[in-house]
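Subject: Handover of a structure and findings

Dear colleague,

Please find below the structure that I am handing over to you. My findings follow it.

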Amino acid sequence: MKCRILIVDDEPHNLNILRIFLNSLNYEIITVEDGKEAFSMVKETAPDLILLDVMMPEVTGFEICKQLISESDFDIPIIFLSANAQKEDILQGLRLGAIDYLTKPFDLDVLERKVEIALHQKAKVINLKRDNKQLAKLVYVDALTGLYNRAYLDITIRMIKEGTKKFQAAMMVDMDYFKDINDNYGHLVGDQVLREVATIISSKISREHDLAFRYGGDEYLVLLQNEENCVEIADSIIKAVDGLKVSLAPHKSQFSVSIGLTNNFDPTSFDQIIMQADSALLGAKNNGRHQIKIR
């Protein structure tokens, strides 16, 4: 896939030279003569590199650079191209966040190498972001179930106390007779059951607003942003687990869960929330399992 370069310059002659030269190097080239149009073109085309003239009417290259880099998700390298070779202008461009500043008339061989370096750095940034996402998954996601783990729960608790995350209900979901599943069918079946139940839980809650964690062993914690339909969600989980078929288990195997639910959600005392959900779960277990209890 070709790298895409956006060239912003109000002089058609400069644009034509750059376009022909960079096209010959097998880059995809987009050109803009109006500084104001540059903002929309960046969003529309998502270039890998921006070559930006400094002196343009209405909006200067410095102003464009400053506004683009102020955006939190902006990660496109910028190289200034300018006839102004004053030291202070070069420093200003670099202070604004550009990775380089070339003065006109520029040597095309030098430009070629600068472009290569800039695109190489962009590729490294992309790889680093991908690696960071993979690392975050290893750190905060339970390897067996794919749900969040206790480490991410600690972060979530802090966000709840700070008010940046808000929930209205919590539920504890626990497998019924899970020890018997491991003892009778083996741990491979037990692991598959845990994965399948985690998938069911994820499918019944809002991926955008709710969170599900593997709390420990065969127990799951679910935090729900809205309490209005929390009983319906719990009931749908129980019914889905009732119909669960596990490929490694014997054909007639049956599985079930018990659920403890609390909508008394005090963000200042998460321990109390857990205690109430646990208490409700214990009530469901003591009352015969395979049911929902609310505290």
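Which kind of contact do the side chains of Asp183 and Lys179 make? They meet in a salt bridge, with a nitrogen-to-oxygen distance of 2.7 Å. Please bear in mind throughout that this is a predicted model. Asp183 and Lys179 are 4 residues apart in helix H7 (residues 178–185), so about one helical turn separates them. Asp183 counts as partly exposed because its relative accessibility is 49%, while Lys179, with a relative accessible area of 60%, is exposed.

Further salt bridges

The structure holds 14 salt bridges. One of them joins the side chains of Asp48 and Lys122, at 3.9 Å from N to O. Asp48 lies in the loop between helix H2 (35–45) and strand S3 (49–53), and Lys122 lies in helix H5, so this pair ties together parts that are 74 residues apart in sequence. Lys122 has a relative accessibility of 9% and therefore counts as buried, the cut-off being under 20%.

Asp174 forms another salt bridge, with Lys285, and here the closest N and O atoms are 2.7 Å apart. This pair links distant parts of the chain, as Asp174 is in strand S6 (residues 169–175) and Lys285 is in helix H10 (residues 270–286), 111 residues apart. Both Asp174 and Lys285 are buried. The C-alpha atom of Lys285 is also separated by 9.1 Å from that of Gly260, and these two residues are 25 positions apart along the chain. Gly260 belongs to strand S9 (residues 257–262) and counts as buried because its relative accessibility is 0%.

The largest pocket

The largest pocket has a volume of about 230 Å³. Its lining includes Val141, Gly146, Leu147 and Tyr148, and also Ser202, Ile205, Ser206, Arg207, Asp210, Leu211 and Ala212.

A nonpolar surface patch

Leu135, Leu138 and Val139 form a nonpolar patch on the surface, and together they have about 310 Å² of accessible area. Leu138 is found in helix H5 (residues 108–140). With a relative accessibility of 70%, Leu138 counts as exposed, because the threshold is over 50%.

Backbone geometry

Most residues other than glycine have a negative phi, and most peptide bonds are trans. The peptide bond from Lys104 to Pro105 is cis, with omega near -5 degrees, and Pro105 lies in the loop between strand S5 (100–103) and H5.

Ala46 has a positive phi, near 45 degrees, and is a residue other than glycine. Ala46 is located in the loop between H2 and S3 and is partly exposed, its relative accessible area being 47%.

Glu58 likewise is not a glycine, yet has a positive phi of about 70 degrees. Glu58 is found in the loop between S3 and helix H3 (61–69), and its relative accessible area of 63% makes this residue exposed.

Yours sincerely

Terms used
Residues are numbered from 1 along each chain as its sequence is written. This is a predicted model: local features need pLDDT of at least 70, side-chain atom pairs count only at pLDDT 80 or more; totals for chains, interfaces and linings use all residues. Side-chain values use heavy atoms; hydrogens and water are left out. Patches are made of residues with over 30% relative accessible area and no salt bridge: like charges are joined within 9 Å, nonpolar side chains (Val, Leu, Ile, Met, Phe, Trp, Tyr) within 5 Å. Accessible areas come from the Shrake-Rupley method with a 1.4 Å probe; for residues, only the protein chains shown count as cover. A salt bridge is a side-chain nitrogen of Lys or Arg within 4 Å of a carboxyl oxygen of Asp or Glu. Helices (H or I, at least four residues) and strands (E, at least two) are DSSP runs, numbered from the N terminus. Buried means under 20% relative accessible area, exposed over 50%, partly exposed in between (1.4 Å probe, protein chains only). On a 1 Å grid over the protein atoms alone, a cavity is a set of points where a 1.4 Å probe fits but cannot get out, and a pocket is an open set with protein on both sides within 12 Å along at least five of seven lines; lining residues have an atom within 4 Å of a point. Grid points are joined across faces, edges and corners, and a volume is the space filled by probe spheres set on the points.
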